[in-house]
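Dear colleague,

Please find below the structure I promised to pass on to you, together with its sequence. Once you have had a look at it, read on for my notes on what was found.

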Amino acid sequence: MKRNEDIGYIHQLIERYFDATADLDEERELRALLAKVNASTPLIEEARAVIGFAAVERNLNRKKRTGRVTAVRWMSMAASVAVALAVGTVLMLRSQDRVVDRCIAYNGLNENTDVDMVMSLMGDQLQIIDDAAAMFEADVTGQLGAIAELSNQF
């Protein structure tokens, strides 16, 4: 029997795996050996069950995480835009030479000074944040209110 098919060697790898002392190469080798060796001992069957369960769990979590990560990324981007708009508005209003009747929004490299367009852009961004927050049951309005309160202190 080759070393790879030696039951004693497989048992050593399993023990190292269960003791969390096996490195990644040994774990890969153990998975490969358990898949191809026909031997069946209680320790080998236990290792097959644990490694199989871990593989299934990893696949399930990967599928769940992918959708959630995408939603979190969109929510983060929308929140960043809203915070940038809020901070820009506060800084604009707090500046010494403030112009009360002027709104400015930057959409990419374009500057928009039309009040209706600026408010529409801001409303669109806040709606995106609100939609994303609804998916996670977050209180974005309360958080933005807290940011506004903090900005009034400065």
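**How α1 and α2 pack**

In this model, which is predicted, helix α1 (residues 7–18) packs against helix α2 (residues 24–36) at an angle of about 130°, and their axes lie 10 Å apart. Angles over 145 degrees would count as roughly antiparallel and those from 65 to 115 as roughly perpendicular, and α1 and α2 are therefore oblique to each other. Their crossing is left-handed.

Side chains of opposite charge can pair when their charged atoms come close. The structure holds three salt bridges, and one of them joins E26 to R16, with 2.9 Å between the closest N and O atoms. Because E26 belongs to helix α2 and R16 to helix α1, this pair ties together parts that are 10 residues apart in sequence.

Where does T41 lie? T41 is found in the loop between α2 and α3 (42–94). When its neighbours within four places in sequence are left aside, T41 is in contact with I7 and H11, and the side chains of T41 and H11 are joined by a polar contact of 3.0 Å.

Terms used:
Residues are numbered from 1 along each chain as its sequence is written. This is a predicted model: local features need pLDDT of at least 70, side-chain atom pairs count only at pLDDT 80 or more; totals for chains, interfaces and linings use all residues. Side-chain values use heavy atoms; hydrogens and water are left out. Axes are lines fitted to C-alpha atoms, for helices over the stretch in contact, and angles run from 0 to 180 degrees between N-to-C directions. Helices (H or I, at least four residues) and strands (E, at least two) are DSSP runs, numbered from the N terminus. Angles under 35 degrees count as roughly parallel, over 145 as roughly antiparallel, 65 to 115 as roughly perpendicular and the rest as oblique. A crossing is left-handed if the near helix is turned anticlockwise from the far one by less than a right angle, and right-handed if clockwise. A polar contact is a pair of N or O atoms within 3.5 Å; within protein, one must be able to donate a hydrogen and the other to accept it, and residues adjacent in sequence count only if both atoms are side-chain atoms. Contact means heavy atoms within 4.5 Å. A salt bridge is a side-chain nitrogen of Lys or Arg within 4 Å of a carboxyl oxygen of Asp or Glu.
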